[in-house]
Every structure is written in structure tokens, then in C-alpha cells.
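Hi,

Here is the model I promised to pass on. Have a look at it first, and my notes follow below.

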Amino acid sequence: MSTHKPLYYKDAYITAFDAHITKQGQDDDGRSFVILDETAFYPTGGGQPHDIGTLNGIKVIDVDKTAEGIRHYLEKPLPEDHTDVKGLIDWERRFDHMQQHSGQHILSAVFADEFEMPTIGFHLGETHVTIDLDTDHLEEDQAQEAERLANDIVFENRAIVTKWVNQDQIPDYPLRKIPEVDGQLRLVVIEGIDYNACGGTHPDMTAEVGPIKILGWERHRQKIRLTFVCGRRTLHVLSEQNQILQASGQKFDGSPKELPQKIDKLMQNYNEVDDTLKATKRELMDYEMKDMLSRASDINGTTLIKGVFFTHDIKELQHMTGALTEGRTSTISLVVSKHEGRLHVVAASSQDHPLNMNDIMKQGLKLIDGKGGGNSNRAQGGGKALLSGEGLLQQFSDIVKAKLG
């Protein structure tokens, strides 16, 4: 590999450059790549994604650092007679990564210095950034204070300096973590705030990072994973959220500020209606079970209770069969329902009954290409609506009658 520093280290703002091709080839997956004598394309590394752009008008879709040099993976191979290239960097993507990475340095420094929560993980994604904080708990007021302090540093427009130091110079800098590397070390310094070994691209001043906004956090492997955005991403997120708030405010006939109260009122009304609906459904099911009992038949000493419905789901069918057989003797209950375009069936028996409901279920479900199971006293399943609800109920009834002799 060339001993020259890559162009993105000389100047992160370089968007165009000329270079000579030193190698063309394909990787094991058949992807075409070229290696150049120098490049401004940043390769994936250190939590930061690669640059994209073009070489002689052909799209660069991936950039990777290998032992032989920086590989530029192309959408299609360069013509064989091309020995030199004109490289163009996608500046919007590059600058976005510069904003997010520097914002991470600032936010991580604040959490470490103010709350003794060092960063132990970092990921720069397409829509947001995450850092893993070495703590198992984060309070809302801590997050708000960290966000405020981080933005203060942005607005102070402090210089962001990168420098290369030799091994004997490393003790001169208060690094948060000293990496185990040989040779020179690249430092990113935000004076008075952060001294970090880092290979990423960064702007010259903190003001270019733009506003930093924490979006939320969650527990992840006993630590806290915090999600945030910086710069233009912040503007995009706030614009999107504002549109949602405005649209929601119009639907609720009020301002966005009134939304929490109006939503609380809506949820209260919903819960009241839901409670009423559940109570009404329970009354309906009680009536349906009484009706089934009134039409129960006797088969060689076994009381067979059965019914077919068109709205009940599997849990409601389980409730009905359980209630119809509980505390009874020599009783079997069969209920079928056509729900959401499928047939559902539950079979239950009193504890003393010798027939195995799981065997009956497996036999009956074959008629509708169904799946299910259970135990000797209760089984359930569902399948395609290849029969009518009444037809399937009759088939299960015939199976029970046959087994009862």
C-alpha cells in the first residue's frame, strides 16, 4: 500500500481529484474494483460508512481498505484502455457523514465528562446514529442536559483539528482511550472537549455539525443504546415531525400543543367503548352458550354440545368450550367459527370423558388442510375454508359419533 496519506486525510473537503490506476480486478463475488495511486474516497471503517461517487463517470458503489490498497468497487468495469481516472465524491453523503461523526464525538464527550457514561459502541446508519453508553440507566433530564451542552459546543464554533502523532508523543494528549497501534496515530481534537484517536472525516469547525437532537434510547445488552441525528438530518426529522403534528392537530381540530390532552380524552372514550363492547360480547356469548345447551343431544350417554359462529376468534371459542364442559360429566363440546376467511374449531371434553380430543382434532383438520393440536381434554386448530362452517361442524360431529359407537 502507498505510504502517502489518503486525500481525505489531507483535506476532507476535496470532492474532485485525478489519479492513476495501479490495479484492476474482481473480488471473489465477481465485483469489479480498481486501486488508485491516491484517492479521496473514504473506505468503510471506524463506524463510518464509505463514500460513493464516480470514477470516469462510472458509479463507485463501495469502498474498502485492504492489505494491497483501497479498493473502489464499481457498478461496471472501467474500459481496459483507461489508465487514469477523474474521481468525483458525492459531497452530500460525505458532508452528512462528517456532521454525524463529529456530532458523535461531541455528544460522547459530554456524556463521559458530565455523567461518567463513556461510549463503548458507535454506528452511523443511513437515517440515524447510535452510541452505546456504558451504563444500564439513563434519566430524561440527563439526556436533555447532554443535548443542551452538546449544542452549546456546536454554537461556540470551536475548531476541530486533526493531527498525526508518533508513539512517543501520545502521552502528551489526554486521550480517552489509547489504541494498540504501531506507527503514527491520527488524533481528532476539539480543544477543551475531546481528544480521540479517530480515522473518520470531520469538518473544520463545530458549527458545521449543525444542531444535535437525541431521538430516544433503549436497553441493549445491559447497556443504553442512544439514538440521535445531527445537522441536515436534524432538520429533516424536525420537519417530518412538525408535518405530523400539524396534520394531527387539524384532525383533532386544535393546535399541536393541545394534542396530548385531546389524545388522552380520545383514549378514555375508546377504553369506555371497548369495555362496553367486551361486556356486550360476554352477554352475547352467554346467550349463545345457553342456546347450545338447549339444543344439546345425547349420544350413548354422552352430552354433545355444538355450535357454529361467524365472528368469534380462537380464544373466544376456547372460552366457550371450556365454560360448557367445566364441572360437567360425560360431555363434549364442539364449536366452529369462520373468522377472517379461515375456519377455526375447538373441541373440549369433561375431565371424565375417555375420548381423546387431540385425536379427533387431527382427524377433522385433514378436511380443511388445517393445523392444530392440544391434549386429551382440549384441542384446537384452523385451516382453509374448504367447507362451510356448518359442514365442518357436521364432519366433526360424525367423527365423535363414530368413536362413541
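Strand 2 and strand 5 run antiparallel and are joined by three bridges. Strands here are DSSP runs of E with at least two residues, helices are runs of H or I with at least four, and both are numbered from the N terminus. Two strands count as paired if DSSP finds at least two bridges between them.

Before going on, some housekeeping: this is a predicted model, so to speak of local features I need pLDDT of at least 70, and side-chain atom pairs count only at pLDDT 80 or more, while totals for chains, interfaces and linings use all residues. Residues are numbered from 1 along each chain as its sequence is written, and side-chain values use heavy atoms, with hydrogens and water left out.

Five bridges hold strand 7 and strand 8 (residues 129-133) together in antiparallel fashion, and Phe122 has Ile131 in strand 8 as its bridge partner.

Further along, strand 14 (residues 297-299) and strand 15 (residues 302-309) run antiparallel with three bridges between them. The two form a hairpin with two residues between them, and Asn300 in the turn has a positive phi of about 50 degrees. Asp298 stands opposite Thr303 in strand 15. Thr303 has a bridge partner in strand 16 as well, namely Thr331. Strand 15 and strand 16 run parallel, with seven bridges joining them.

Ser330 sits in the loop between helix 6 (314-325) and strand 16 (331-339). Its relative accessible area is 26%, so Ser330 is partly exposed (buried means under 20%, exposed over 50%, partly exposed in between, with a 1.4 Å probe and protein chains only). Ser330 and Ser350 are 20 residues apart in sequence, yet their C-alpha atoms are 6.1 Å apart in space.

How big is the largest pocket? Its volume is about 1100 Å³. Of the 45 residues that line it, Gly46, Ala197, Cys198, Gly199 and Gly200 are the closest to its centre. Elements giving two or more residues to this lining are helix 1 (7-10), strand 2 (32-36), strand 5 (69-74), helix 2 (91-115), strand 7 (119-124) and strand 11 (194-197). Helix 2 gives the most, with six residues. By class, the lining of the largest pocket divides into 18 nonpolar, 19 polar and eight charged residues.

For the terms: on a 1 Å grid over the protein atoms alone, a pocket is an open set of points with protein on both sides within 12 Å along at least five of seven lines, a 1.4 Å probe being used, and lining residues have an atom within 4 Å of a point. Points are joined across faces, edges and corners, and a volume is the space filled by probe spheres set on them. Ala, Val, Leu, Ile, Met, Phe, Trp, Tyr, Cys and Pro count as nonpolar, Asp, Glu, Lys and Arg as charged, and the others, Gly among them, as polar.

The second largest pocket has a volume of about 400 Å³. Among its 15 lining residues, Glu92, Arg93, Asp96, Glu126 and Arg233 lie nearest the centre. Helix 2 and helix 4 (232-251) each supply at least two residues of this lining, and helix 2 again gives the most, with six. The lining of the second largest pocket has four nonpolar, five polar and six charged residues.

**Cysteines**

Cheers
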